[in-house]
Amino acid sequence: MDGTGRDPAGDPGEGAMPGADDPGAAGSGDMGGSSAAPTIYDVARAAGVSIASVSRVLNGQRNPRQETRDRVLAAVAELGFAPDGAARALSARFKEVVGVIVRRPWRVDPDEDLFSAEAESLQYPDLINRGIEAAAQRRGFDLLIRSVGIEEHDAGGRTLALARKSDGLILHDRVLEPDQMDRLSRQLPIVTLAGYATSATANVHGDNRAGMQALARHLLRDHGYPTLAYLGGYADSPDSIERREVLAAEAAEAGARLEYGPEWQGYYFASGGAKVINRLIAAGRELPRAIACANDQTALGVMSALREHGVSVPGQVAVTGFDDIPLARHLRTTLTTVRQPIREMGRTAFEVLYSMISGERPPERDIVLATELVRRESCGCPAGTGINEGEVWL
C-alpha cells in the first residue's frame with residue numbers, strides 16, 4: 001500500500017536530504033570550499049531530492065518529472081559531479097520504500113465484541129503511521145504497511161518478504177523475537193516502536209516510567225485508592241511490561257494492593273478490556289477501587305463494560321488509560337491518561353530509520369520522548385476539563 005498518497009506516475013523523490021554523508025566518500029561532507037570530488041549525496045542535497053531521484057535522472061529511468069530533472073542537472077553542473085560506477089551502484093540499491101509492520105488481533109469473538117468497528121477506526125497505531133507517512137512524504141519515500149497477528153513472530157515469512165521490498169523496516173511493538181531481530185537487522189536497518197534497542201537497531205518510545213509513575217502517584221497519593229488493578233496490553237509488549245512494573249513498585253511503596261496477571265490480560269483493544277471486566281463480574285469477583293489500563297483503547301472498553309453492569313465510573317471504580325488518543329477527551333466521563341506525542345513518535349522513527357538507510361549511525365539507539373499526566377474525570381477529579389461539542393457517549 002502506498003502510504004504517501006502521491007501520483008505513482010510522478011517522481012516521488014522530492015524531499016530534503018539530511019546532512020548525512022557517505023562515510024566512505026571523500027568530500028561528501030563539504031559542499032563549499034573543499035577540493036575533493038563531489039558525490040551523489042552532495043548532488044541530492046543541493047537539488048533537494050533523494051539519491052534515487054538523482055540516479056533516475058542520470059540513468060534515464062522511470063521518466064522523472066521535468067522539475068526534478070532540471071534541479072538535478074543544475075546541481076550536477078554547479079558541483080561538477082561526474083558519476084562513476086560505484087556511485088551508480090550505490091544509488092541503484094535504494095528503493096525509496098519503508099516497510100511498516102503492526103500487530104493486531106486477527107480474531108475477535110463476535111458474541112463478546114462490543115466494538116466491531118474499532119479495527120477500522122483511527123486509533124493509536126494509525127496515528128503513529130500518520131506520523132511516519134508525513135515524514136516519509138517529505139523524504140520522497142513510500143510506505144508498505146502490513147499487519148501481523150498478536151502471536152505471529154515469523155521472520156522467515158511475511159516479515160522477510162516485506163523486508164525484501166524495502167530499504168528499512170519500522171516495527172510496532174514486539175513483532176520479532178530477539179534472535180529473529182538480530183538476524184534480520186544484519187540485512188537492512190530496523191527501528192522499533194515500543195521495543196528494545198540493540199547494537200544494530202534503534203527504538204523509539206514514550207517515557208513509560210515517568211508517565212506511569214506520575215499516574216500511579218496521582219491515584220495512590222492524591223486520591224488515596226487502597227486497591228488497584230493493572231489491565232495489560234499484549235503479554236510480551238515491552239511498553240505494557242514496563243508500565244506494570246512501575247505501577248507495582250509505586251503500589252508497594254504506598255502499601256496498596258495491586259492485582260494483575262492472566263485474568264487481567266487484554267490486548268490493547270477496547271474489546272479486550274471489555275472482555276476482562278465481563279468475565280470478572282460474571283465470576284462474582286469484587287473489583288478494585290481503580291483500574292489502570294495499558295492504553296486508552298483498553299480503558300474505553302473497561303468503562304463501557306462497567307456501565308453495562310451498572311458500575312459507576314469513577315464513583316465505584318476509577319479508570320485510567322495511557323496515550324491520550326483524541327477520543328479520550330470527548331467522552332461523557334473524560335479519560336484520565338498519560339499523553340504521549342503519538343505522531344511525533346512516528347515521525348521520529350522514520351527520521352532515525354532514514355539516517356540509518358543513508359549510512360549514518362544514530363546518535364542514540366534508545367530514543368525516549370516525554371510524556372505528561374492528563375487529569376480528567378475518570379480518576380475522580382472534578383468535571384470541567386476535556387468535554388466539548390465533540391462529546392461521544394459511552
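1. The six-stranded sheet. Six strands, in the order E2-E1-E3-E4-E5-E11, form an open sheet with parallel pairing. Strands here are DSSP runs of E with at least two residues, helices are runs of H or I with at least four, and both are numbered from the N terminus. Two strands pair if DSSP finds at least two bridges between them. E2 and strand E11 (366-369) are the edges; each has a single partner strand, so one side of each is left without a neighbour in the sheet. Neighbouring strands of this sheet are turned by 20 degrees against each other on average, direction ignored. Axes are lines fitted to C-alpha atoms, for helices over the stretch in contact, and angles run from 0 to 180 degrees between N-to-C directions.

2. Ground rules. This is a predicted model: local features need pLDDT of at least 70, side-chain atom pairs count only at pLDDT 80 or more, and totals for chains, interfaces and linings use all residues. Residues are numbered from 1 along each chain as its sequence is written, and side-chain values use heavy atoms, with hydrogens and water left out.

3. Look at strand E5 (residues 202-206). E5 pairs with E11 in the parallel sense, over 4 bridges. Glycine 206 has leucine 369 in E11 as its bridge partner.

4. Contact means heavy atoms within 4.5 Å. Helix H7 (residues 178-185) lies across E3 and E4 and runs at about 145 degrees to E4.

5. H5 against H12. Two packed helices are described by the angle between their axes and the distance between the axes. The axes of H5 and H12 come within 7 Å and cross at roughly 45 degrees. H5 is therefore oblique to H12. Angles under 35 degrees count as roughly parallel, over 145 as roughly antiparallel, 65 to 115 as roughly perpendicular and the rest as oblique. The crossing of H5 and H12 is right-handed. A crossing is right-handed if the near helix is turned clockwise from the far one by less than a right angle, and left-handed if anticlockwise. Residues in the contact include Leu127, Ile128 and Arg130 of H5, and Met345, Arg347 and Phe350 of H12. By class, this contact has 10 nonpolar, 2 polar and 6 charged residues. Ala, Val, Leu, Ile, Met, Phe, Trp, Tyr, Cys and Pro count as nonpolar, Asp, Glu, Lys and Arg as charged, and the others, Gly among them, as polar.

6. Aromatic pairs. The structure holds 5 aromatic pairs. Rings of Phe, Tyr and Trp (its six-membered ring) pair if their centres lie within 6.5 Å; planes under 30 degrees apart count as stacked, over 60 as edge-to-face and the rest as tilted. Phenylalanine 141 and phenylalanine 350 form an edge-to-face pair, 5.8 Å centre to centre with 75 degrees between the planes. This pair links distant parts of the chain, 209 residues apart. Phenylalanine 141 is in the loop between helix H5 (124-139) and strand E2 (142-149), and phenylalanine 350 is in helix H12 (residues 342-357).

7. The four-stranded sheet. Four strands form an open sheet in the order E7-E6-E8-E9, with parallel pairing. Strand E7 (257-259) and strand E9 (318-320) are the edge strands, and each pairs on one side only. Strand E6 (residues 227-231) runs parallel to strand E8 (residues 290-293), joined by 4 bridges. Tyrosine 230 stands opposite alanine 292 in E8. Helix H11 (residues 296-308) packs on this sheet, touching E6, E8 and E9.

8. H10 against H11. Helix H10 (residues 270-282) and H11 pack at an angle of about 40 degrees, with their axes 6 Å apart. H10 and H11 are therefore oblique to each other. Their crossing is right-handed. Among the contact residues are Gly273 and Ala274 of H10 and Gly301 and Val302 of H11. The contact has 6 nonpolar, 5 polar and no charged residues.

9. Two backbone details. The peptide bond from valine 313 to proline 314 is cis, with omega near 5 degrees. Proline 314 lies in the loop between H11 and E9. Glutamate 96 is not a glycine, yet has a positive phi of about 60 degrees. Glutamate 96 sits in the loop between helix H4 (85-92) and E1.
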